[in-house]
Amino acid sequence: MLETLVTGALLSVIGIYCVIAKKNLVKKMIGLGIFTNFIHLMLISTGFREGGIAPIIIRENVGFFAAYSVDPLPQALVLTSIVIQLSVTALGLSIAILAFRHFNTLDTEKMNKLKG
Amino acid sequence: MLEYLITILIVSAFLMLAVRRDFIAIAAILLSFFMILALFFQSQIIVVRYGGWTPPFGIVWEVDKLNAFIGLIIAGMASLVTIYSIKCIKERRHRFYTLLCLMTTGLLGVCLTGDIFNMYVFFEILSISSYGLVAFFLDKNAIEGAFKYLVMGSLGSSLLLLGIAILYGLTGTLNFADLALKVSHSREFMIALGLIIGGFCLKAAIVPFHMWKPDAIEGTPIPMGALFSTATAALGVYGILRLLFVFGMLQLNLMLIILGTITMLAGALLALVQINVKRMLAYSGISQVGYVVMAIGFGTSAGFAAGLYHILNNALIKGLLFMAIGCVIYITGKENLDEMGIRNRTLLVCTGIGVLSMAGVPPLNGFVSKWLIFMASWEISPLLTVLAITASAITLAYGLKIFSSLFFAQKRAEGKIPTTMLVPVIILTILCVIIGVFPQLGLAVVEPAVNALLNQNQYITAALGGG
Amino acid sequence: MDVIIRTVTKGIFPFILLLGFSIIFHGHLTPGGSFPGGAVVASGFALVAVAFGLKGAEKLISEETVHLVEGLVALMLAGLILYESFVRKYVGLGGGFFGMWSSPTVLSLNVAGGLMVMSALVLIVFLVVRE
Amino acid sequence: MFEYWSFFILTFAGFVGLGLIIYLLGSRKARAEERKYETYTCGEPFPRVNVGPDNLYQAIKKNLGIEDIQKIHTGKLSDYLLWMLAGFVVVLLMVMML
């Protein structure tokens with residue numbers, strides 16, 4: 001459990017730093033991906049159980065399943081969330097392509113026509 | 001019937017891509033509006049169990065009066081926007097309607113669901129389709145607004161997911177009613193609550209989170225501006241309310257009062273100095289959401305009634321103003337305030353009523369809810385009343401700016417406005433006047449929602465009891 | 001691209017499709033399912049787009065076709081929901097389509113999801129290649 | 001119903017008064033410019049000064065510190081994200097204080 005927390009803390013700090021401090025739009029998307037991965041790690045670690053079995057239910061021994069298997073729900077949640085993150089990343093990168101076409105740069109500091 | 005709402009919207013969204021007939025999307029969104037309308041007149045709480053699973057395990061949709069009220073606003077605005085954009089969007093209309101169907105799916109899904117992860121999924125459907133809609137024109141402004149909204153929105157919804165993960169780790173359940181039984185007020189729960197409320201504040205554009213909204217609205221097609229300022233804002237406020245409701249923390253809430261007051265004043269002051277009319281209306285929408293958040297922070301039933309009433313009135317007024325200004329932009333093609341002269345008497349009357357109503361001039365609907373907010377805030381602290389009245393005065397001041405740009409313009413453009421664009425404007429104007437003259441009509445709609453908000457036990461037993 | 005990649009692509013493309021669809025169709029029994037299977041199928045089209053250019057890939061599957069597939073999937077989902085909620089409930093046709101498959105609902109959901117994932121990823125690949 | 005209308009006149013007068021004060025205060029500088037033109041053009045037809053809506057509230061913009069609020073909205077994504085994170089921190093602290 002400790003490894004998970006340490007990794008999660010590292011990933012979250014790296015992701016937030018990458019999203020905020022990096023000027024490049026593509027790097028911002030990468031940072032967003034890292035940060036989302038941190039959340040997926042946290043979410044899947046909520047279902048963790050020391051020495052648990054794979055959550056495949058067999059009709060004969062429901063009691064055994066309930067006592068020893070890991071929680072299957074966070075895995076389903078993370079799968080859903082990964083697909084969502086995929087579409088956000090795809091949309092973000094296509095917007096980055098269009099932004100490069102319009103502004104001739106990916107530097108977000110230079111794309112500040114709308115302000116005030 | 002409610003099970004098929006999402007199916008209809010999603011199926012029509014993908015059919016639009018293949019078949020490219022506008023009437024599919026229009027029919028689907030209007031049908032969803034009538035479904036929500038039928039739902040609104042049901043007396044008891046409706047629980048829809050997907051796949052027949054009982055609530056703590058399966059996904060449920062739970063519709064009480066509060067859901068139905070917000071859903072009615074959302075579906076109503078979505079259908080008016082749909083009718084409005086038949087002529088307003090000139091090219092690639094099937095893409096627009098596909099995204100609009102998906103956005104309505106997301107809005108209604110977040111509003112009606114009773115499961116917190118399901119809420120996150122619909123929240124993301126809403127977010128992704130609205131990023132696409134912000135980038136719809138694919139020109140410089142649209143792309144800039146879109147990527148700002150995309151990065152901010154995705155980071156916000158990631159933090160919302162983190163809050164949901166913490167909640168799941170602490171309680172092991174995702175159902176609202178079950179969560180309401182299991183939450184306590186310890187520090188871990190409060191972290192989760194803060195993260196989720198922050199995610200919804202981003203959608204409602206409360207002040208430290210508001211910066212995407214003017215930039216995004218300046219780039220979007222104007223019907224989307226109307227939808228962002230009404231439906232999405234109402235949804236953000238609903239999310240905050242529902243979370244506080246689940247946590248049983250609907251008493252006097254200093255955080256919401258402070259955030260709401262700052263939002264109200266900052267939005268109004270910033271709207272005062274804008275030159276671009278879309279941007280001004282965006283800031284005006286932010287300011288009106290500030291009133292709502294301040295009112296629901298009071299924690300009294302008068303405060304809730306005032307806040308919910310102002311959500312309704314803000315939707316009507318801001319929708320009216322965005323659509324009317326959209327008609328002007330349709331003819332002149334200019335977005336700056338000093339080149340907006342137009343020669344069309346109906347439109348001028350409608351815009352004038354909208355501006356006066358936004359400023360809170362009786363006998364229009366904006367006055368009623370603002371009056372209720374002043375009354376509710378007087379019981380908490382007279383200082384808040386003074387601030388709210390100041391913000392109202394600033395609202396009138398920037399309303400006058402729109403007034404003078406429309407009525408005292410030097411050059412007036414000629415042009416014919418299509419009927420489908422004029423009809424929603426007229427409908428909203430009539431509603432504004434009717435609710436202003438007969439305020440008890442609006443109160444009759446709002447009061448059941450307030451009662452539902454104050455009765456937590458009813459919500460829990462409807463979901464969990466009677467399996 | 002050079003001749004090696006073209007030749008290998010010609011040889012390997014049917015097998016990629018086969019692998020993808022087998023993952024989709026066995027989704028309810030084995031690991032995998034709609035998302036990995038759809039991604040594998042889309043990777044086959046991406047390979048064609050790399051080897052033969054966008055023109056070559058569009059000969060196989062054009063953007064219109066992809067949209068058509070999405071519309072068909074939408075109709076399929078609607079039909080599935082109608083089947084589940086009306087036909088099975090009121091007419092009483094239980095036990096799958098004529099008792100042929102082990103779990104028809106999950107299978108048809110897998111197929112619909114796989115086709116949807118495939119078309120979305122193919123669209124993304126086309127958009128990126130076009131730039 | 002009656003209670004909503006009992007302060008009708010008061011509110012109306014208040015709104016109109018405040019709005020008028022702000023309106024007049026805002027357009028004062030622009031009018032002064034116009035008068036200057038009148039004085040210094042000696043009998044010649046002077047260029048017509050058109051006061052559009054964008055220079056209505058210039059005085060308020062200068063004096064009430066709205067320019068400072070506007071400067072915060074730099075249009076740069078990194079600044080926006082920093083403000084947003086600051087907002088999250090503020091919301092977290094305030095929720096924990098409740």
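This is a predicted model: local features need pLDDT of at least 70, side-chain atom pairs count only at pLDDT 80 or more; totals for chains, interfaces and linings use all residues.
Along the principal axes, the C-alpha atoms of chain A fill a box of roughly 65 × 30 × 20 Å. Of its 116 residues, 27% count as buried. Where contacts in chain A join residues at least 6 apart in sequence, 53% of them link residues at least 24 apart.

We turn next to the partner of chain A. Its contact with chain B draws on 26 residues from chain A and 27 residues from chain B. On the chain A side, the elements giving two or more residues are α2 (25-45) and α4 (73-103), and α4(A) gives the most, with 13 residues. By class, this side of chain A holds 17 nonpolar, 7 polar and 2 charged residues.

Chain B also meets chain D, with 46 residues of chain B in contact with 37 residues of chain D. Several helices of chain B supply at least two residues each to this side, among them α6 (140-171), α11 (254-272) and α16 (382-407). The most comes from α8(B), with 9 residues. The side of chain B that touches chain D divides into 33 nonpolar, 9 polar and 4 charged residues.

How values were computed. Residues are numbered from 1 along each chain as its sequence is written. Chains are lettered from A and ligands numbered from 1 in the order in which they are written. Two residues are in contact if their C-beta atoms, placed from the backbone, lie within 7 Å. Helices (H or I, at least four residues) and strands (E, at least two) are DSSP runs, numbered from the N terminus. Ala, Val, Leu, Ile, Met, Phe, Trp, Tyr, Cys and Pro count as nonpolar, Asp, Glu, Lys and Arg as charged, and the others, Gly among them, as polar. A residue is buried if 20 or more other C-beta atoms lie within 10 Å of its own, exposed if 12 or fewer, and partly exposed in between; C-beta atoms are placed from the backbone.
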